[in-house]
Number of protein chains: 2
Amino acid sequence: MRNIKLTIAYDGTDFHGFQAQPQLRTVQGTLEDALERLTGARIQVNGSGRTDAGVHAWGQIVNFHTDSRIPLEKWPIAMNVNLPNDVIVRQAEEVPPAFHARFDATGKVYRYQMDLGTYPDVFARRYAWHVPYRLNLSRMQKAAEHLVGSHDFTSFCNAATPVDDKVREIHGISFETRAHLLQITVTGSGFLWNMVRIMAGTLADVGRGRIEPEEIPEILAAKDRTKAGVTAPAHGLTLFEVIYPKV
Amino acid sequence: MRNIKLTIAYDGTDFHGFQAQPQLRTVQGTLEDALERLTGARIQVNGSGRTDAGVHAWGQIVNFHTDSRIPLEKWPIAMNVNLPNDVIVRQAEEVPPAFHARFDATGKVYRYQMDLGTYPDVFARRYAWHVPYRLNLSRMQKAAEHLVGSHDFTSFCNAATPVDDKVREIHGISFETRAHLLQITVTGSGFLWNMVRIMAGTLADVGRGRIEPEEIPEILAAKDRTKAGVTAPAHGLTLFEVIYPKV
């Protein structure tokens, strides 16, 4: 059996998230359908993690085991002709038998995009949260510095998050503006449910003056979701990259 | 009667072009529907020109006459709440009674976008032509220089173009690359049917070696559509700006 690792991009707009669910159009289900058409077998695909409905990916990673002898360099095109045009296989690699997209991931990079124009940018509307308020970027950067490091992120995850240990390490948060678009890139060891969206929503609240940058340490310490800002909408979020140890 | 000029952006993907047609979803029809909801009257909108099905706009200009007393600064938001989210009013101005979006335009700027990545960029797929060949940009730039200036563009327009005088002046063609995306910006006094798409298709043919840059003058001189390259697909094209004399 070969173990194939694929780098996948998708436009999450028309998917009910990554994880397969009966009767719903999901990224995992769509990938497994394409693999079945290609190989004749129903093969389970392991994703590096779920993404919620509406969330996009530029560098989602999946792996699966197959007996197919399709040469490695043919995998992307063979998959792409069997996929709808809102999912694209960008790269294929053959990896050791034990590699698992989720268990072996050591970090992830997410990008949250905000559209700061007065009116929504029609070309960014599927990929950016339109925030029609004036945001103070230097306040947002100050607040972000308080989020970097190892913290208990209970205040920054969905209250229903089904894990006990909510300590995660954020390696960095960077800001880039391109005309009216603001991209916030967050790199970390791991992320809780809705964590980046709550960080983005809280940073927007800081930017418009509803929360002070200096309040972030108290919000973290409270371990109470209600203390942080709004959950920014799913469509501004993109899973940009998944990090693995060098083989 | 007031004469209102609007700057409009639209995602052309789901429209049958700009011009109103019975039973079809068009940009003009959609704007007139929104105006009717807003003012109670059916008002004809004049566009600076048609755009074909699938073509986008960042700075399409329209004007219309109305008795409505909506204050000028309220027009964009009042229209936007009545428009679907693939058309956005970016700006409103009040103009002299005789202003006409089409007849007063003295130039236009179009942008044609190509995706040069090995596999299509899922986020650009609605707005860029995926060209999976290696293109030589300096050959394309040389060819473009031959297109700049005043020429008879019979070879660069749809053979069914219903106008006699096919002389147009191209003021400039510039190239910009952003990662795997190539943007070709064409400024001119006026454009014939499919002209930018045939220019873009021909430049791509030059880039991949099917046409030599030095052949462009002969192709222009031939006044024969079959001598130029392919018509690049509509979805890569955006009407970027319409130019009017300073008032």
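**Entry 1: B:Thr66**

I began with B:Thr66, whose side chain reaches the backbone nitrogen of B:Ser68 at 2.9 Å. I kept in mind that this is a predicted model. I then looked up where B:Thr66 sits, and found it in strand S3 of chain B, which covers residues 56-66.

Is B:Thr66 buried or exposed? Its relative accessibility is 4%, and buried means under 20%, so I noted B:Thr66 down as buried. Next I looked for its neighbours, leaving aside residues up to four places away in sequence. B:Thr66 touches B:Met1, B:Arg2 and B:Ile4, and also B:Thr39, B:Ile43 and B:Trp75.

**Entry 2: helix H3 of chain B**

I moved on to helix H3 of chain B, residues 137-147. Which of its residues are buried? I listed B:Arg139, B:Met140, B:Ala143, B:Ala144 and B:Leu147. Looking down the axis of H3(B), I saw that these buried residues fall within an arc of 140 degrees, so they line one face of the helix.

I wanted to know what covers them. The cover includes four strands of chain B, namely S5 (107-115), S7 (149-152), S8 (167-178) and S9 (181-188). It also includes the chain B helices H4 (195-207) and H5 (216-222).

Then I checked both ends of H3(B). At the N-terminal end I found B:Asn136 as the cap, with a side-chain oxygen 3.0 Å from the backbone nitrogen of B:Ser138. Just after the helix, B:Gly149 takes a positive phi of about 110 degrees.

**Entry 3: where chain A meets chain B**

My last stop was the interface. I noted 27 residues of chain A in contact with 26 residues of chain B. The area buried between the two chains is about 2,000 Å², and carbon and sulfur atoms give 68% of it. Which residues of chain A lose the most area to chain B? They are A:Tyr119, A:Phe123 and A:Arg125, together 35% of what that side buries.

I looked for charged pairs too, and the rule finds two salt bridges across this interface. In a salt bridge I looked up, the side chains of B:Arg125 and A:Asp11 meet at 3.1 Å, N to O. For polar contacts between the chains, I wrote down four residue pairs.

Finally, I asked which elements give two or more residues to the side of chain A that touches chain B. They are strands S1 (2-10), S3 (56-66) and S4 (87-95), along with helix H2 (75-80), of chain A. S4(A) gives the most, with four residues. By type, the residues of that side divide into 14 nonpolar, five polar and eight charged.

Conventions. Residues are numbered from 1 along each chain as its sequence is written. Chains are lettered from A and ligands numbered from 1 in the order in which they are written. This is a predicted model: local features need pLDDT of at least 70, side-chain atom pairs count only at pLDDT 80 or more; totals for chains, interfaces and linings use all residues. Side-chain values use heavy atoms; hydrogens and water are left out. Buried means under 20% relative accessible area, exposed over 50%, partly exposed in between (1.4 Å probe, protein chains only). The arc is that of the directions from the helix axis to the C-beta atoms. Contact means heavy atoms within 4.5 Å. A polar contact is a pair of N or O atoms within 3.5 Å; within protein, one must be able to donate a hydrogen and the other to accept it, and residues adjacent in sequence count only if both atoms are side-chain atoms. Buried area is the accessible area (1.4 Å probe) that two parts lose on being put together, summed over both. A salt bridge is a side-chain nitrogen of Lys or Arg within 4 Å of a carboxyl oxygen of Asp or Glu. Ala, Val, Leu, Ile, Met, Phe, Trp, Tyr, Cys and Pro count as nonpolar, Asp, Glu, Lys and Arg as charged, and the others, Gly among them, as polar.
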